[in-house]
Every structure is written in structure tokens, then in C-alpha cells.
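Here is a friendly walk through one protein model, written for reading beside the structure. Keep the viewer open and follow along.

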Amino acid sequence: MPVVLAISNEDILASYKVMKQLRPHLEEKTFVERIKYLQTKYGYKLITFVEDGEVKAASGFRICDSLAWGRYLYVDDLITDETSRSKGYASQLFDWLEEELLREKWSL
């Protein structure tokens, strides 16, 4: 599956063009630093759907835990590139996220 967990600076930066469509206030020069901060401080994770070497969709999420709801996945960001919509990329990201929640649910 062409879903990439964006951990490296290169993978994170590759998502900038798509993430900027959802969050226009983002600046390229601070984007990687900001994502790294969220990853370290808040457990934020970024995944991308890559086709032909190009990011077509991206999602930022966190695995959270609470007494009220137990373990849950919170989606902060979900975007498909404006030129690639209606091709099922977001659906494939959601499938990956669902699998991730199932993997994380039992790792308490």
C-alpha cells in the first residue's frame, strides 16, 4: 500500500504542498520543524498517500486515551490534493488509520 508514515524530514516536507491546501497559514520554511514539534510534544503522526512519487493525500492524527472513551484515534488533518480528489485516496488513508487504531488498541 502506498501509505507512508512521514517521519523523515524529506517525507514530512513532501506533504507540505497538500497540507498547505488545508492549512493556508503554514509556511514551508517552518513546516518540518512544526511537525517535528507536534510529533515530540503531542504524539502527532503524519501519513501520506504517495502515487508516482507524489503526495496525493495526507492525514495528521494522534492516538489518545481517556477514562470516558478509552483508547481512540483523533484525526487533526485530512486532505486530498485538489487535483486528485474523488480517486479514493482519502478512503485508503482511512483504512490505514483504522488498522493503526486496532494495532494501538492492544498496546496499553
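## The largest pocket

By class, the lining of the largest pocket holds six nonpolar, one polar and four charged residues. Here Ala, Val, Leu, Ile, Met, Phe, Trp, Tyr, Cys and Pro count as nonpolar, Asp, Glu, Lys and Arg as charged, and the others, Gly among them, as polar. Please keep in mind that this is a predicted model, in which local features need pLDDT of at least 70 and side-chain atom pairs count only at pLDDT 80 or more, while totals for chains, interfaces and linings use all residues. Residues are numbered from 1 along each chain as its sequence is written, and side-chain values use heavy atoms, with hydrogens and water left out.

To find the lining in your viewer, select Met19, Arg23, His25, Leu26, Phe31, Arg34, Ile35, Leu38, Tyr44, Asp76 and Asp77. The helix α3 (28-42) gives the largest share, four residues, and α3 and β4 each supply at least two. The pocket has a volume of about 180 Å³. A pocket is an open set of points on a 1 Å grid over the protein atoms alone, where a 1.4 Å probe fits, with protein on both sides within 12 Å along at least five of seven lines; lining residues have an atom within 4 Å of a point. Grid points are joined across faces, edges and corners, and the volume is the space filled by probe spheres set on the points.

## The sheet

Four strands form an open sheet in the order β1-β2-β3-β4, with antiparallel pairing. At its edges are β1 (3-5) and β4, each of which pairs on one side only. From one strand to the next, the twist averages 25°, with axes being lines fitted to C-alpha atoms and angles running from 0 to 180 degrees between N-to-C directions. Strands (E, at least two residues) and helices (H or I, at least four) are DSSP runs, numbered from the N terminus, and two strands pair if DSSP finds at least two bridges between them.

Strand β2 (residues 45-51) is antiparallel to β3 (residues 54-66), with seven bridges between them. Lysine 45 stands opposite phenylalanine 61 in β3. Alanine 57 is a handy landmark: this β3 residue is the bridge partner of phenylalanine 49, and its partner in β4 is threonine 80. The antiparallel pairing of β3 with β4 (residues 70-80) runs over 10 bridges, and a hairpin of three residues joins these strands.

## Aromatic pairs

The whole structure contains five aromatic pairs. In the pair of tyrosine 37 and tyrosine 42, the ring centres are 6.2 Å apart and the planes stand at 75°, so the pair is edge-to-face. Rings of Phe, Tyr and Trp (its six-membered ring) pair if their centres lie within 6.5 Å; planes under 30 degrees apart are stacked, over 60 edge-to-face and the rest tilted. Tryptophan 69 and tyrosine 72 are also edge-to-face, at 5.8 Å centre to centre and 85° between the planes.

How exposed is tryptophan 69? Its relative accessible area is 66%, so tryptophan 69 is exposed, whereas tyrosine 72, at 26%, is partly exposed. Buried means under 20% relative accessible area, exposed over 50%, and partly exposed in between (1.4 Å probe, protein chains only). Tyrosine 37 is partly exposed at 40%, and so is tyrosine 42 at 48%.
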